[in-house]
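Please examine the sequence and the three-dimensional structure shown here. The explanation after them is meant to be read alongside the structure.

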Amino acid sequence: MTVPVLRALVSQNPTVKITVISRPFFEPFFDGIPNVSFFAFDEKIRHKGFLGLIRLFQNLRVLKIDAFADLHNVLRSKVIRTFFALNGKKTAFVDKGRAEKVALTRSENKVFKPLPTMFERHSSVFQQLGFSIDLSIPIFPPKQELASETINLIGEKYQKLIGIAPFAQYDSKVYPLDLMQEVIDKLAENKNYKILLFGGGKKEIELLDSFSKGKENVVNIAGKINFKQELQLISNLDVMLSMDSGNAHIAAMLGIKVITLWGATHPFAGFSPFNQPLENALVSDRNLFPKLPTSVYGNKKVEGYENAMRTILPQTIVEKIQTSLK
């Protein structure tokens with residue numbers, strides 16, 4: 001969710017140079033953004049523990065950093081932020097709005113209203129450091145050229161590319177698999193669609209194989225191309241169907257239309273994908289399940305709410321996808 005903000009920042013403040021500090025896995029997210037370099041955080045060896053954070057700070061000092069923007073505001077980033085502050089550098093950190101989120105997700109006396117998005121919260125950090133950011137005119141990278149391995153996998157003769165990412169970190173955010181099968185079956189009836197299934201891990205790959213079985217225009221991508229090739233492929237989609245999960249944000253940061261499905265969580269918490277209209281977020285029925293949202297991240301289960309996502313009908317999802325493709 002930082003990517004669209006950084007694209008806007010460097011576009012509107014072209015003299016600024018940014019160093020992103022994160023795990024190596026995320027480096028491809030920032031490829032091609034002008035004036036943005038990446039510093040790999042090694043949590044297992046070099047930068048492990050408090051001594052490792054001291055080493056990290058020493059590594060960063062060499063870069064002659066003028067200000068530190070903490071977009072995470074957790075223990076590790078607070079330590080590094082403090083080191084910079086003690087060395088006379090300007091710092092700012094994100095306000096995650098924890099109290100507001102508690103009010104939104106509690107069962108009693110719920111305050112059901114939209115909270116600032118994480119994009120707005122991240123922008124505010126840079127504004128504290130003296131930089132203006134306007135997110136209303138988004139900037140996206142061009143569609144990327146597909147690798148030969150990807151073309152061999154999906155074929156060259158296709159019209160509309162529909163990505164589907166049916167999994168999430170927590171079960172309360174995953175659309176029932178039998179209903180997802182209905183969605184895929186219905187979409188597959190249209191031979192002008194090529195449906196690409198995204199996921200990872202042995203169990204997910206097996207489920208995706210079952211979704212695609214017997215359908216020539218449904219392809220399981222999981223485990224068959226590398227992560228960078230997946231990003232290239234996502235940049236060429238016409239639409240992505242995703243849970244409240246990372247795949248939604250990856251597609252959105254690449255300028256792809258995203259339709260999201262919401263169970264225990266809700267877009268009002270501020271985690272809706274970038275630049276997507278609210279009507280593309282299909283939420284569970286709060287009339288039948290009034291305690292929704294019950295969680296910010298989906299890690300809390302509420303008894304009796306296991307079937308909340310069944311109130312999002314497969315036909316509604318199919319029609320939303322078809323409309324987005326017109």
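This is a predicted model: local features need pLDDT of at least 70, side-chain atom pairs count only at pLDDT 80 or more; totals for chains, interfaces and linings use all residues.

Residues are numbered from 1 along each chain as its sequence is written, and side-chain values use heavy atoms, without hydrogens and water.

Strands of a sheet pair through backbone hydrogen bonds, either parallel or antiparallel. Here, six strands form an open sheet in the order E7-E6-E5-E8-E9-E10, with parallel pairing. Strands (E, at least two residues) and helices (H or I, at least four) are DSSP runs numbered from the N terminus, and two strands pair if DSSP finds at least two bridges between them. Strand E7 (218-220) and strand E10 (281-283) are at the edges with a single partner strand each, so one side of each has no neighbour in the sheet. Strand E6 (residues 193-197) runs parallel to E5 and is joined to E5 by five bridges; isoleucine 164 has leucine 197 in E6 as its bridge partner.

Helix H7 (residues 177-188) packs on the sheet, and its direction makes about 150° with that of E6. Helix H10 lies across E5, E8 and E9, at about 155° to E8. These angles run from 0 to 180 degrees between N-to-C directions, with axes fitted to C-alpha atoms, for helices over the stretch in contact (heavy atoms within 4.5 Å).

The largest nonpolar core has 40 residues, and Phe30, Leu196 and Phe198 have the most contacts inside it. Such a core joins buried Ala, Val, Leu, Ile, Met, Phe, Trp, Tyr and Cys residues through side-chain atoms within 4.5 Å; buried means under 20% relative accessible area (1.4 Å probe, protein chains only).

Methods:
Buried means under 20% relative accessible area, exposed over 50%, partly exposed in between (1.4 Å probe, protein chains only).
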